[in-house]
Amino acid sequence: LIGMRVIPYLGAANTQAWDSSAGVVAIEARILDGTSTSNSYTVTSAMGLSIKQAQNKGNITLTEQYGIFLADLTAGTSNYGIYQSGAAVVNVFKGDVHLDNEAALTAGKKLYFDGNGGTSFLYERADNIMSMYISGSRPMDWDASYVAIPATNSLYFDGGVNTRIYE
């Protein structure tokens with residue numbers, strides 16, 4: 001059962017790009033003020049797409065529910081499941097995020113463990129040098145040939161009780 005199916009048709013003579021960013025768009029959603037630019041409104045929340053919980057009155061066994069399901073996209077030279085073009089836009093996922101493949105960060109970007117802008121993170125602070133920050137201080141750096149610990153810190157071998165190396 002399909003509630004709506006949109007399949008753009010491309011004839012042999014259709015060679016132009018209809019949009020500056022994509023040659024074919026199946027569905028486009030945009031929130032517009034359709035009257036004039038002189039009107040002023042306050043909108044507290046706007047959604048280009050809202051996907052609601054499935055309604056089950058008790059007579060259906062629903063095994064898996066997907067809010068968005070993307071098939072294996074392989075027809076393009078570059079294939080993106082979801083592409084966010086705005087660098088200043090924050091993407092929020094309230095549930096767990098599971099990665100079944102690799103994840104990549106741009107050099108110099110941080111992986112935070114206590115929220116964006118927090119004080120505990122990992123990042124590549126120089127070419128091929130990884131740094132760990134905890135509570136805003138850097139207790140460790142490492143690269144392919146060494147692990148560096150500042151002179152004022154200790155390296156413990158027994159969980160932080162007795163056996164340690166320090167300068």
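Visitor: Hi! Before we look around, what are patches made of here?
Guide: Patches are made of residues with over 30% relative accessible area and no salt bridge, and nonpolar side chains such as Leu and Ile are joined within 5 Å. Please keep in mind that this is a predicted model.

Visitor: Thanks. Which residues form a nonpolar patch on the surface?
Guide: That patch brings together Leu49, Ile51, Ile68, Leu70 and Ile82. Together they have about 540 Å² of accessible area.

Visitor: Let's pick Ile68. Where does it lie?
Guide: Ile68 belongs to the segment before β1, a strand that covers residues 110-112.

Visitor: And is Ile68 buried or exposed?
Guide: Ile68 counts as exposed because its relative accessibility is 54%, and exposed means over 50%.

Visitor: Let me step back. How many helices and strands does the protein have?
Guide: There are 0 helices and 7 strands. Following the sequence, you read the pattern β-β-β-β-β-β-β.

Visitor: What share of the residues count as buried?
Guide: Of the protein's 167 residues, 6% count as buried.

Visitor: Can you show me a residue in strand β1? Which one is found there?
Guide: Leu111 is in strand β1. Leu111 counts as partly exposed, since its relative accessibility is 43%.

Visitor: How far apart are the C-alpha atoms of Leu111 and Leu122?
Guide: Their C-alpha atoms are separated by 5.2 Å, although the two residues are 11 apart along the chain.

Visitor: What does the side chain of Arg125 meet in a salt bridge?
Guide: Arg125 meets Asp141, with 2.8 Å from N to O. That pair links distant parts of the chain, as Arg125 sits in strand β2 (residues 121-126) and Asp141 in strand β4 (residues 137-142), 16 residues apart.

Visitor: Which other residue forms a salt bridge with Asp141?
Guide: Arg138 does, and the closest N and O atoms of that pair are 3.0 Å apart. Through shared partners, the salt bridges join Arg125, Arg138 and Asp141 into one network.

Visitor: Is Asp141 buried or exposed?
Guide: Asp141 counts as buried because its relative accessibility is 5%, and buried means under 20%.

Visitor: How do the lining residues divide?
Guide: The lining of the largest pocket consists of 11 nonpolar, 8 polar and 5 charged residues.

Visitor: Where is Asn128 found?
Guide: Asn128 is in the loop between β2 and β3, with β3 covering 129-134. At 54% relative accessibility, Asn128 counts as exposed.

Visitor: And where does Ser135 lie?
Guide: Ser135 is in the loop between β3 and β4. Ser135 is exposed, with a relative accessible area of 60%.

Visitor: Last stop: what is found in the loop between β5 and β6?
Guide: Thr152 is found there, with β5 covering 147-148 and β6 covering 154-156. Pro150 has its place in that loop too.

Visitor: Are they buried or exposed, Thr152 and Pro150?
Guide: Thr152 is exposed, with a relative accessible area of 75%. Pro150 is partly exposed, at 30%.

Visitor: How far are they from Glu167, taking Thr152 and Pro150?
Guide: From C-alpha to C-alpha, Thr152 and Glu167 are 6.9 Å apart in space and 15 residues apart in sequence. For Pro150 and Glu167, the figures are 8.7 Å in space and 17 residues in sequence.

Key. Residues numbered from 1 in each chain as written. Predicted model: local features only at pLDDT ≥ 70, side-chain atom pairs only at ≥ 80, totals over all residues. Heavy atoms only, no water. Helix = DSSP H or I, 4+ residues; strand = E, 2+ residues; numbered from the N terminus. Buried < 20%, exposed > 50% of the residue type's maximum accessible area, 1.4 Å probe, protein only. Nonpolar A, V, L, I, M, F, W, Y, C, P; charged D, E, K, R; others polar. Patch = residues over 30% accessible without salt bridge, like charges linked within 9 Å, V, L, I, M, F, W, Y side chains within 5 Å. Areas by Shrake-Rupley, 256 points an atom, 1.4 Å probe, with all protein chains shown as cover. Salt bridge = Lys/Arg side-chain N within 4 Å of Asp/Glu carboxyl O.
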